Amino acid sequence: MKREIVIVTAAYGNSVVKARGGQTALLSVIADAKADGVEIRRELFSAGELDSLPTLAEKIQNHGLFAVYSVPFPLFSPGGKLNPDAPQYFEEARILNARTVKFSLGEFEPGQDLTPLKVVLASSPVKLVVENDQSPDCGILSRINAFMFAAESLHLPLSMTFDMANWLWVGQDPAVAAERLARHVGYVHVKAAQKRSGKWHAVALDDSDSSWEPLLKILPQDVPRGIEFPLEGDDLTAVTRYYVELLRQ
């Protein structure tokens with residue numbers, strides 16, 4: 001089984017993305033590193049890039065990659081209402097020819113009506129993946145688990161993006177979350193973190209305590225793995241290829 005590895009453009013840092021003229025310039029690095037996909041971040045678009053999604057889609061395809069589209073907004077707004085702009089973001093993902101579109105969960109409330117979400121999902125060819133973020137009220141296990149249970153009971157075509165380190169930001173045990181949520185996971189954000197001066201910081205896997213290894217084994221082995229930890233160095237292609245090969249093992 002060949003594991004699919006996705007490179008999150010934000011892993012190179014906002015300053016590098018901007019210095020290179022946008023996310024498009026990183027596609028050759030990602031392709032040369034033998035990755036399978038790229039996670040395009042909406043918040044990293046330079047002026048005009050959002051209007052050039054068809055061109056970006058073509059370039060991604062020409063590099064032999066598939067796309068994940070990451071939206072920096074919650075799926076549910078305060079009060080548990082579906083984000084009113086969700087259809088727009090799904091349409092952007094469709095134009096990008098993305099395989100999946102990723103939102104954080106937001107303020108989902110157990111028992112709320114998920115019909116509006118069901119309607120959006122039924123009208124889009126793009127699959128939804130919902131991520132645990134670093135917000136202390138919304139990125140927690142109880143809320144994520146309640147949403148996945150509700151979605152499963154309604155047979156909604158979605159899955160979870162399991163960010164391995166974000167649990168640390170909200171004071172929860174990643175291993176406990178992995179045991180509880182593994183069957184819902186359709187995409188893994190591989191990330192390690194260290195605490196410095198009382199705050200968590202994402203770090204490269206080789207700079208971590210290696211707790212990511214047993215955690216990764218709990219999660220599904222047949223879903224894409226996205227590299228979201230810092231990719232830094234003079235030769236970004238070599239650094240990226242090193243971690244692509246490591247995570248394929």
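**Helix 6 and helix 8**

The axes of helix 6 and helix 8 come within 11 Å and cross at roughly 10 degrees. That makes helix 6 roughly parallel to helix 8, since angles under 35 degrees count as roughly parallel. I noted that the axes are lines fitted to C-alpha atoms, for helices over the stretch in contact, with angles running from 0 to 180 degrees between N-to-C directions. Helices here are DSSP runs of H or I with at least four residues, strands are E runs of at least two, and both are numbered from the N terminus.

Which residues meet? From helix 6 I found Leu141, Ile144 and Asn145, and from helix 8 Val176, Ala177, Arg180 and Leu181. By class, that contact has 5 nonpolar, 1 polar and 1 charged residues. Contact means heavy atoms within 4.5 Å.

Before going on, I wrote down the ground rules: residues are numbered from 1 along each chain as its sequence is written, and side-chain values use heavy atoms, without hydrogens and water. Because the model is predicted, local features need pLDDT of at least 70 and side-chain atom pairs count only at pLDDT 80 or more, while totals for chains, interfaces and linings use all residues.

**The buried side of helix 8**

Next I checked which residues of helix 8 (174–181) are buried, and got Pro174, Ala177, Ala178 and Leu181. They cover an arc of only 100 degrees around the axis, so they are on the same side of helix 8. The arc is taken from the directions from the helix axis to the C-beta atoms. Buried means under 20% relative accessible area, exposed over 50%, and partly exposed in between (1.4 Å probe, protein chains only). These buried residues pack against several elements, including helix 6, strand 7 and helix 9.

At the start of helix 8 I spotted a side-chain oxygen of Asp173 within 2.8 Å of the backbone nitrogen of Ala175.

**Helix 3, for comparison**

In helix 3 (53–62), I found Leu53, Leu56, Ala57 and Ile60 buried. Their arc is only 105 degrees around the axis, which puts them on the same side of helix 3. Helix 2, strand 2, strand 3 and helix 4 are among what covers the buried residues of helix 3. After helix 3 comes Gly64, with a positive phi near 75 degrees.

**Asp36**

Is Asp36 buried or exposed? Asp36 is buried, at a relative accessible area of 12%, and sits in the loop between helix 2 and strand 2. Its side chain makes a polar contact with the side chain of Lys2 at 3.1 Å. A polar atom of the Asp36 side chain also lies 2.8 Å from the backbone nitrogen of Ile5. A polar contact is a pair of N or O atoms within 3.5 Å; within protein, one must be able to donate a hydrogen and the other to accept it, and residues adjacent in sequence count only if both atoms are side-chain atoms.

Most residues other than glycine have a negative phi. Asn97 has a positive phi of about 60 degrees although it is not a glycine, and at 56% relative accessibility Asn97 counts as exposed. Ser210 has a positive phi of about 70 degrees and is partly exposed at 33%.

Definitions and conventions:
Parallel < 35°, antiparallel > 145°, perpendicular 65-115°, else oblique. Nonpolar A, V, L, I, M, F, W, Y, C, P; charged D, E, K, R; others polar.
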